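These are my notebook entries on one structure. I set down what I looked up, entry by entry.

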Amino acid sequence: MEILRTENLSKIYGNGNARVEALKGISFSAGKGELVAVTGPSGSGKSTLLHLLGGVEVPTAGTVRIDGVDIHTKTRAGLAVFRRRQIGLVYQFYNLIPTLSVEDNILLPMRLDGRRVNRDYLEELLCLLKLEDRAKCLPRELSGGEQQRVAIGRALIAAPALLLADEPTGSLDRRGSQEIMALLKISREKYRQTIVIVTHDRDIARQADRRVELRDGRLAGEW
Ligand code: ADP
Ligand code: ADP
């Protein structure tokens with residue numbers, strides 16, 4: 001079943017002399033439970049693509065459909081709610097709230113929506129993240145790998161259909177990176193998310209089901 005589809009997605013930043021065509025008509029789709037890696041040189045448009053898929057940036061042209069919904073036709077408020085429920089976002093630098101515990105960081109998106117969390121689900125998620133004995137720690141007490149697992153927990157707490165990760169292993173060593181990839185693979189088996197990960201690390205990309213290569217804002221093919 002297809003969960004994600006873009007049609008002719010384009011993005012131009014700025015105007016006049018400062019105009020940058022970051023994406024030039026990207027059409028691609030991903031199925032439920034599929035792990036897709038987006039690769040390509042620096043500046044090829046990988047982060048822009050992820051931001052358009054996540055509703056963080058607005059396309060100049062083209063559409064993004066998630067589970068059939070054209071996300072960019074939603075109102076600002078509607079999109080914010082949709083994002084918190086259906087799209088998990090993970091970045092290279094974990095973006096945790098330093099004053100909140102591991103558990104409170106993970107629960108944040110639910111609290112922003114006034115939603116209750118099933119305690120069993122939270123416990124299950126903490127186990128999956130291997131953070132069960134870290135729940136009350138502050139981010140600064142954790143290793144980089146652990147902090148990234150908290151960020152992934154925060155992205156997964158609402159059980160989104162789509163998980164988007166921009167260089168999630170970019171700040172981690174080999175072992176930390178492998179742990180994150182293992183976690184993503186277990187999560188999509190268990191919860192059947194579609195996962196799109198941007199990476200310039202070809203060993204990481206090889207672990208995905210599919211690899212799409214961007215060059216200069218265009219899809220250069222799959223490898
Ligand atoms: P990648 O993730 O592959 O490195 P990006 O999507 O970050 O590529 O960038 C693609 C192009 O768009 C680059 O030329 C970059 O400089 C430009 N770009 C990205 N974000 C912005 C922005 N907010 N404003 C202007 N130009 C941008
Ligand atoms: P890794 O070997 O994964 O890179 P570190 O060497 O940074 O991790 O940390 C090893 C262990 O020590 C981790 O379990 C981490 O939670 C813990 N730790 C790291 N820094 C601190 C700290 N400032 N306070 C408490 N525990 C810490």
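**Entry 1. Terms and strand pairing.** I count two strands as paired if DSSP finds at least two bridges between them. Strands (E, at least two residues) and helices (H or I, at least four) are DSSP runs, which I number from the N terminus. I note that this is a predicted model, in which local features need pLDDT of at least 70, side-chain atom pairs count only at pLDDT 80 or more, and totals for chains, interfaces and linings use all residues. Residues are numbered from 1 along each chain as its sequence is written, chains are lettered from A and ligands numbered from 1 in the order in which they are written, and side-chain values use heavy atoms, with hydrogens and water left out.

I looked up strand 1 (residues 2-13) and found it joined to strand 4 (residues 61-66) by five bridges, in the antiparallel sense. R5 stands opposite R65 of strand 4. An open sheet of four strands has the order 2-1-4-5, and its pairing is antiparallel. Strand 2 (20-31) and strand 5 (69-70) are at the edges with a single partner strand each, so one side of each lacks a neighbour in the sheet.

**Entry 2. Strand 7.** I then turned to strand 7. Strand 6 and strand 7 run parallel and are joined by four bridges, with L89 opposite L164 of strand 7. Strand 7 also pairs with strand 8, again in the parallel sense, over five bridges. Here A165 has I197 of strand 8 as its bridge partner.

For burial I use relative accessible area with a 1.4 Å probe and protein chains only: buried is under 20%, exposed is over 50%, and partly exposed is in between. Five of the five residues of strand 7 are buried, so the strand is largely enclosed by the rest of the structure. L162, L164 and D166 point one way from strand 7, L163 and A165 point the other way, and all are buried.

**Entry 3. Nonpolar cores.** I take a nonpolar core to be a set of buried Ala, Val, Leu, Ile, Met, Phe, Trp, Tyr and Cys residues joined through side-chain atoms within 4.5 Å. The largest has 38 residues, and V102, I106, I152 and I157 have the most contacts inside it. Elements giving two or more residues to this core include strand 3 (35-39), helix 4 (119-128), strand 7 (162-166) and helix 6 (174-191). Apart from it lies another core of 27 residues, among them V38, F82, L162 and V198.

I looked up I106 for its contacts (heavy atoms within 4.5 Å). Not counting residues up to four places away in sequence, I106 touches L122, L125, L126, L129, V150, G153, R154 and I157.

**Entry 4. Pockets.** On a 1 Å grid over the protein atoms alone, a pocket is an open set of points where a 1.4 Å probe fits, with protein on both sides within 12 Å along at least five of seven lines; lining residues have an atom within 4 Å of a point. Points are joined across faces, edges and corners, and the volume is the space filled by probe spheres set on them.

The largest pocket has a volume of about 370 Å³. Its lining has 17 residues, and R84, I87, L89, P109 and R154 lie nearest the centre. Strand 6 gives the largest share of this lining, four residues. I sorted residues into nonpolar (Ala, Val, Leu, Ile, Met, Phe, Trp, Tyr, Cys and Pro), charged (Asp, Glu, Lys and Arg) and polar (the others, Gly among them). The lining of the largest pocket divides into twelve nonpolar, two polar and three charged residues.

The second largest pocket holds about 180 Å³ of space. Among its lining residues are G55, E57, H72, K74 and R76. That lining comprises five nonpolar, three polar and four charged residues.

**Entry 5. Single residues.** Q147 is found in helix 5 and is buried at 18% relative accessible area. Beyond four places in sequence, Q147 touches Y94, L96, P139 and L142. G144 is also placed in helix 5 and is partly exposed at 25%. G144 and Y94 are 50 residues apart in sequence and 8.4 Å apart in space, C-alpha to C-alpha.

Which backbone angle did I note for A159? A159 has a positive phi of about 50° although it is not a glycine. A159 lies in the loop between helix 5 and strand 7 and is partly exposed at 44%. E167 has a positive phi of about 50° and is not a glycine. E167 lies in the loop between strand 7 and helix 6 and is buried at 11%.
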